[in-house]
Every structure is written in structure tokens, then in C-alpha cells.
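Hi there,

Here is the structure I promised to pass on. Have a look at it first, and then read on for what I found in it.

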Amino acid sequence: MARGRRRARPSDVLGVPVLPPGVVSVAANRVRAGVARAHAAMAPPPVRILEGLFGALDHRVLVELCRLDVPDVLDQPMGIDELARRVDADAARLERLVRFGASRGWVRIDRHGRVRPSRVTPFLRRDHPGGWRAWVDFAGGAEVTAAIGGLRADVDDPFAAANGAPFFEWMAANPDRWAVFDDAMAAGARMHALALAAALDWSASERVCDVGGGVGELLATLLDLQDHLEGTVVDLPGVVARAVTHPRLTAVAGDAFVHVPAGFDTYLFVNVLHDWDDAHGVRLLANAAAAAGDDGRVLVVEGDAPARPAPDLPVSVDVLMAALTGGGHERDAAAIADLASRAGLRLRRTVVLASADLVHELVPATSHH
């Protein structure tokens, strides 16, 4: 492991002592979805309508509590006046936000009226090793809220309509916000690296290329867990300029729509294809197929797109892609197999990860393995 790097642990990344098998994660999500449906069914229709409309408050209150650094200063039980003094906020207005946050489990309020950390609170702190606070900082950005606010069925690219340029083009012109986006992606990358290391056999791999892998956090974490691997992350110049440091990690600037470097036995696309429409997805996979040759494999990690919508993250992410991109969307295994076929690959198998995401293993269409 690189000097100065802290090895990613399930307790830091997911809040669990050990990674559960993928089937357990899927079963748990189904139970949660069933409970959510039952909870919703108990409410009369007008209440469900109002709850849907007021759901916008969840986003705003969570962003504001973090903007005030409430999770960071809440290191012990404290009264609302003390908390307000520490974050320099009006106590009466802060109390209303905190009460809402407590109803969502982001903080707690004990029977004495003191505000306490909940199980979630540490994950919202700036110094938490999981890095999930970056997601709040990213999702609370004006460009993201404008895109979500402009989401309409008759607008092809709400982000571009709201901000004057498509997502990645806008980010390239606003490097401070792109750095926040990279940090948010790095949080999920640690989770996916832990899950990939546990779910797949890496013994036959030697060199891994993470295509569109951001600052390389996923690959660096995977290298920490698989001592025999070497890796290269490929992304745009402004991104790899911020790449993490690891003795077995190389960062290469490039455009995967133009070229994917050869010489690797495994190519990773982790939450990359869902940013793009099918034509762009095929181009990415075709370039990876050409680079992988006859003996390589391509691993695609994406959320599942269930046939029956459930109150679960993939459904929300699918709509988020509709707001932030001009054609990106979640796909099921059949849709990934179709993209692979058009790119000269075939779907060998799909494995459920501990995160409940899917990893699709693609191999050359002519391969018999």
C-alpha cells in the first residue's frame, strides 16, 4: 500500500464491519423496498402527494446542515443554543432544520432535547475516511440544483439547458466544481473497489486499466487489496492532473472515445456507461475491445435497472442521469449485453456486488471462455 494511504475498510466506506455477499445486499434492499411500499400504502392519497412535493426539503436541509458544518462540530451531545453558537446560526431557525434532520436520521435528539450524532452523522463529516460528504457538496452545487429544477420530459439535456453547456464540458470550464465532483466519485469508487476485490477472482490478472476512472481512487484502492496488480487510470487531462499517488498506479491523459491504450488484461468501466447514450456506450466498449485483443476482459459496473421500479437508488440515479446528461441512463444486463454485442464483445457473466450493483464481465465475441 502507498505510504500515507489509509487502507479502505468496510466500516469506513459502508458502515458495516464486513462486506455482505451480493445476494444478501439485494435481499436487504428488497426488504427495505417492501417496507417502504407498506409505509406509503398506509397514508391516504393526499398525504402521499404532499410527501412527494415536500421531498425537495430533504435535499435542501441536508445541504444546509452540512454547509453549516453541523456534523463536524457535533462531537458530543449539546443543546441547540450551543450548537447554534458553534456554527454561527440563529438558534430558532437552526432548531427547525435539526428537527427535520433528526426525522431523517442524519442526527438525533435525545429525551433531554440535546442534539446527538446518529449512525449517519460521522459519514457527513469532512474528515470521515469514507469521503461521502463530497456527495453533499456536489449535489448542493448551483449547477446541479439548476439541472434538477429544469428536469422536464421535453428537454433532452436539462443540465445544458440550465447551465449553457453539457455536464463534462461545463465541468472542464469550472475546475473547482470538477474537483468536488471527482471527490464525490472517489467516495463511490472506494466502495466499488472493495466490492470488486471481494467478488471477483483477480489471480489471473496482472495489469488493469480503469477507463474514465477519475483521479484513480478506485484503482488505487484495488491495488491496495490486490498486491500483485499494476494499474493505469485513463481520463481527461484536467482530471488525471489531480490523480492520487500510488507506487503501482500510472495516470494517463486521454479521450476514451478516441483511443483506449492496449497492453492490459482487464479494462474497467465503473459507472461510466450510464453517463452516455447507446451510441457513445458502444464506441467506448468497441475501443476497449480493440485494446483488450483476444485474451482481455472488460468489466462494466453499473446499477441495475429493475423491470419493476422500486424505492431504491437505481431508480433515483436513472432520473439523475436524465437531469445531468443528454442521454445517459441505467441499464439492465440485457441492455449491457446488447451494447457489448454491437462492440464486438459478449456478456460472459453478471455478478452481484456487495453494493447491490452489478459487474458485467465482457469478453471478445470470438472467445470460448
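Let me begin with a pair of helices: α9 and α16 are roughly perpendicular to each other, a label that covers angles of 65 to 115 degrees. Their axes come within 8 Å, and the crossing angle is roughly 100 degrees for α9 (residues 142-149) and α16 (residues 313-324). Axes here are lines fitted to C-alpha atoms, for helices over the stretch in contact, and angles run from 0 to 180 degrees between N-to-C directions. Helices (H or I, at least four residues) and strands (E, at least two) are DSSP runs, numbered from the N terminus.

Before going further, please keep in mind that this is a predicted model, in which local features need pLDDT of at least 70 and side-chain atom pairs count only at pLDDT 80 or more, while totals for chains, interfaces and linings use all residues. Residues are numbered from 1 along each chain as its sequence is written, and side-chain values use heavy atoms, with hydrogens and water left out.

Back to that helix pair. From α9, V144, A147 and I148 meet L320, A323 and L324 of α16, where contact means heavy atoms within 4.5 Å. The contact of α9 with α16 comprises six nonpolar, no polar and no charged residues. In this scheme Ala, Val, Leu, Ile, Met, Phe, Trp, Tyr, Cys and Pro count as nonpolar, Asp, Glu, Lys and Arg as charged, and the others, Gly among them, as polar.

By class, the residues of the contact of α6 with α7 are seven nonpolar, no polar and two charged.

Which residues of α6 are buried? I80, L83, A84 and V87 are, buried meaning under 20% relative accessible area, exposed over 50%, and partly exposed in between (1.4 Å probe, protein chains only). Seen down the axis of α6, its buried residues fall within an arc of 100 degrees, so they line one face of the helix; the arc is that of the directions from the helix axis to the C-beta atoms. On the other side of α6, D81 and R85 are exposed. The cover over the buried residues of α6 includes α5 (70-73), α7 and β2 (115-117). Just after α6, D88 has a positive phi of about 55 degrees.

Now for the sheet. It is open, has seven strands in the order β5-β4-β3-β6-β7-β9-β8, and its pairing is mixed; two strands pair if DSSP finds at least two bridges between them. β5 (249-253) and β8 (345-352) stand at the edges, each with a single partner strand, so one side of each is left without a neighbour in the sheet. Within this sheet, β6 (residues 266-270) and β7 run parallel and are joined by five bridges, with V270 opposite V301 in β7. In β7 (residues 297-302), six of its six residues are buried.

Finally, W276 sits in the loop between β6 and α15 (278-292). W276 is partly exposed, with a relative accessible area of 23%. Leaving aside neighbours within four places in sequence, its contacts include F168, F257 and H329.

Best wishes

Conventions. Angles under 35 degrees count as roughly parallel, over 145 as roughly antiparallel, 65 to 115 as roughly perpendicular and the rest as oblique.
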